[in-house]
Structures are given as structure tokens and as C-alpha cells.
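My entries follow in the order in which I looked things up.

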Amino acid sequence: MAITREHVLQALSTIPVDASGTSLVTSGRLSEVVVDEAARVMFSIFIEPAEAASMETVRRAAETAVQGLPGVKAVFASLTAERPASSGPTVVRSSGSEARRPAAAQQSKTQRIPGVTHVIAVASGKGGVGKSTTAVNLALGLKALGLRVGLLDADIYGPSMPKLLGIHGKPNLLEGRILEPMEAYGIKVMSIGFLVDEEAAMIWRGPMVMSAITQMLREVAWGDLDVLVVDMPPGTGDAQLTMAQATPLAGAIIVSTPQDLALIDARRGVAMFKRVEIPILGIVENMATFVCPHCGQTSHIFGHGGARAEAQRLGVPFLGEVPLNMTIRELSDSGHPVVVADPEGPHAKIYKDIARQVLASLTGTAAARAAPRIVIE
Ligand SMILES: Nc1ncnc2c1ncn2[C@@H]1O[C@H](COP(=O)(O)OP(=O)(O)OP(=O)(O)O)[C@@H](O)[C@H]1O
């Protein structure tokens, strides 16, 4: 019989973590449980640093219980503690493969990332609507406002930040297995695209994706950041829901094109974040209008204003509309996002205005829109 996650959880539910007999499974200390194709089981147990010695007994008991299940080939169980300083989590004691170490999926919602003030997600109901382009230009817009910004490419099945920011090479591994983020245009960047082949990530299943994302959130030397922008994987399925829950998000931005179908997906995105009580910072309408580069005429290729109306209907802020523009595409695809390539241009202005509104809702101030000009005649 093939071993499943449920079998493992059943075995782990028999392991007490304290004198009152609280089970490991219900204690809130257990990470995601991963069972790979080779019947190897991986999980972590969260502890306070001071509990390392006493919880080692629990770790061993858990490992033995799972090892005893029929069909299990190997068990990799580790104790994981959050370091008090700003250097992220550390594995206190582990056995087996470090590279496959599962991470703090379930608890991380409540755990802040040391040094990071706000984490915001950029999400979309479906792929190809310009979520990554928005995320990168929003991050650079926030940087232009004087903030310290990081960008995490959590779009694990289609990482685009290496290309959008023109970053090559691999991040350095620092002491304690912490990764040094890459840097571009003054923002810190981490992407699964820096770490593994695209094909390798493509075959990962839910728990492994979660584990990789949690590591990129917590085992990266982000340093002190005002905002960490997370480019989420597209869609509103279980994977996105789990991720939204496992990431300590201050809020989410939904990107949509104006078409009906995209809007239905955007609505699902809003509902998903609401379900896990993550505030919606607003909706961005991308590829809203097309301004002909030759004649200057504006046309609404996909319709127009749908996202604004939808935002109103859903009672969430509408952050702005970005036109369909060849320059945005060409600059993005060549690693020079428009906010830095043409910082005073009309498109950069739109993204910076979105950034200002996002910052305003994060800091609880009234939306810092450009003040209206009063004309006295
Ligand atoms: N406003 C825009 N004008 C023109 N092209 C755009 C615009 N926004 C995005 N694009 C282009 O559309 C393509 C898809 O954009 P992007 O990768 O940002 O979408 P995505 O939603 O992140 O996609 P996926 O989720 O599939 O990775 C890219 O080639 C990008 O340059």
C-alpha cells in the first residue's frame, strides 16, 4: 500500500508534545508533511530555541513512529526554531537531506519575517494578465518613494523575475544556510528561478512548493525592509490559498484585465483573500486601453472600465489602470522595467501612483494621491 500524508498524520497524532498529552498534530508545531514519490517522508517541528534539548525526544519519537509505517523508505524530521535576531529561522537539529527540508508552512502566518515591516502579495485569478509586470513595477515604484523594498518571486511554476530584472547568476549561500538575495535597481530579489531549473520546479507538488516558498521567505537575508512584494503564482486554487495563509501578508493586490472572464477570476481572487481575512489593498486593471503609437488614437481592445466597476461592486479600492503598451512589454522583456527605464514617463507615473496608494493603505494614511490643482479664473 502506498504511504500517504494521512497515514503519516495518523502516526504523528499518537506523539505527545507535552505533559498534558497534546498531540504533535494538534499542537500547531508541525510543518507541512511531504511524502515524495520515493516514499520518503519529510516534516519539521517548530520549537523555541530553548526547547531544543527537550524536544529532541519528541522528534525522535515522531521519526520512529513514521519509520514504522509499512512502505516508508526514509524519514527526515527536523526541529526548527525562529532565531531571535534578524537572521531568519535556523534548523536546530535535523536528520536526512537538508536540501529537501520542509519548512514552516502552517505557522508562518503568525510569524513575522524578522526585519520586514509589510509583506504584500500581487495575485491574479489567471495567468498572463500582467501580474509579474505589475509586481516588479510596483516594487520599483515603492523604492522610488524612498522605501527599502524586497521582491519575492513565488510564481514557482513560471518564475519571471530573473528575466524582468535582467538578473543572472546564483545567490550566495551565507552562514547558517541563509541565502543572500540578489539585487537589481536597488531592490532585493529572490526567485526560485535563481535556484533550480524550471523543469525541476514544474514537477513539484503542493507541499514541496510550500516548502520552497517558505524557505525563500524565511531563509533569505532580507535585512531590514519596509515592504516585501510577493509575486504569487496565478490562480485561486488550493495552492494559492495555502500560500496566502502561510505567508504573513499585510494585504493583497489583484491584477486583472478588463475582460469578463478575467474579472470572474479576479472576483475569485478577492474572495480567496477575504476568506483568509487578508485585506485587499486594491485591484489594478492591466492592458486596459491601447494607444496607437502611430496615430495616438485610444482603443479599448479588451473592453474598458470592467475592473473599476468590479472593484466598486466588491467594495475594494481601485488602484489604477495600466494601458496595453508595447514599450512596457519591450522594456519588461529586456530586463529594464518601465519605472526605472523611463522614470518620468506616463507609465512610470501610473505605477508610482499605485505604489503611493498601496503605501497609504499600509500605513493607514489617507490615499496619498496627487493633490488636485485648483485653478482660479
Ligand atoms: N500593460 C502592458 N502592456 C503591454 N504588455 C504587457 C503589459 N503588462 C504585461 N505585459 C506583457 O504581457 C506578458 C505577460 O505579462 P506577465 O508575465 O507580467 O503576466 P503574468 O500575469 O505574471 O503571467 P504568468 O502568471 O503567466 O506568469 C509579458 O510579455 C509582459 O511583458
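**Ligand shell**

I started with the ligand and found that α10 gives the most to the shell around it, with four residues. Helices and strands here are DSSP runs numbered from the N terminus (H or I, at least four residues, for helices; E, at least two, for strands). The model is predicted, so I note that local features need pLDDT of at least 70 and side-chain atom pairs count only at pLDDT 80 or more, while totals for chains, interfaces and linings use all residues. Residues are numbered from 1 along each chain as its sequence is written.

I listed the elements that each supply at least two residues of the shell: α3, β13 (280–291), β15 (318–324) and α10 (326–333). Of the 21 residues around the ligand, G127, G130, S132, T133 and R329 come nearest; a residue is near if its C-beta atom, placed from the backbone, lies within 6 Å of the molecule. By type I have six nonpolar, eleven polar and four charged residues in the shell. Here Ala, Val, Leu, Ile, Met, Phe, Trp, Tyr, Cys and Pro count as nonpolar, Asp, Glu, Lys and Arg as charged, and the others, Gly among them, as polar.

**Helix α3**

I then followed α3, residues 131–144, which has 14 residues. Of these, 13 are buried, meaning that 20 or more other C-beta atoms, placed from the backbone, lie within 10 Å of the residue's own. Just after α3, I noted a positive phi of about 95 degrees at G146.

Next I checked how α3 sits against α12 (residues 346–363): the angle is about 70 degrees and the axes are 8 Å apart. Axes are lines fitted to C-alpha atoms over the stretch in contact, and angles run from 0 to 180 degrees between N-to-C directions. I therefore logged α3 and α12 as roughly perpendicular (65 to 115 degrees). The residues of this contact divide into eight nonpolar, two polar and one charged. From α3 they are N137, L138, G141, L142 and A144, and from α12 they are Y351, K352, I354, A355, V358 and L359. Contact means C-beta atoms, placed from the backbone, within 7 Å.

**I283**

Last, I looked up I283, which is in strand β13. I283 counts as buried because it has 27 C-beta neighbours inside 10 Å. Leaving aside neighbours within four places in sequence, I found I283 in contact with residues including I254, A307, V316 and F318.

How values were computed: The expected span of a helix is 1.5 Å times one less than its number of residues. A residue is buried if 20 or more other C-beta atoms lie within 10 Å of its own, exposed if 12 or fewer, and partly exposed in between; C-beta atoms are placed from the backbone. Angles under 35 degrees count as roughly parallel, over 145 as roughly antiparallel, 65 to 115 as roughly perpendicular and the rest as oblique. Two residues are in contact if their C-beta atoms, placed from the backbone, lie within 7 Å.
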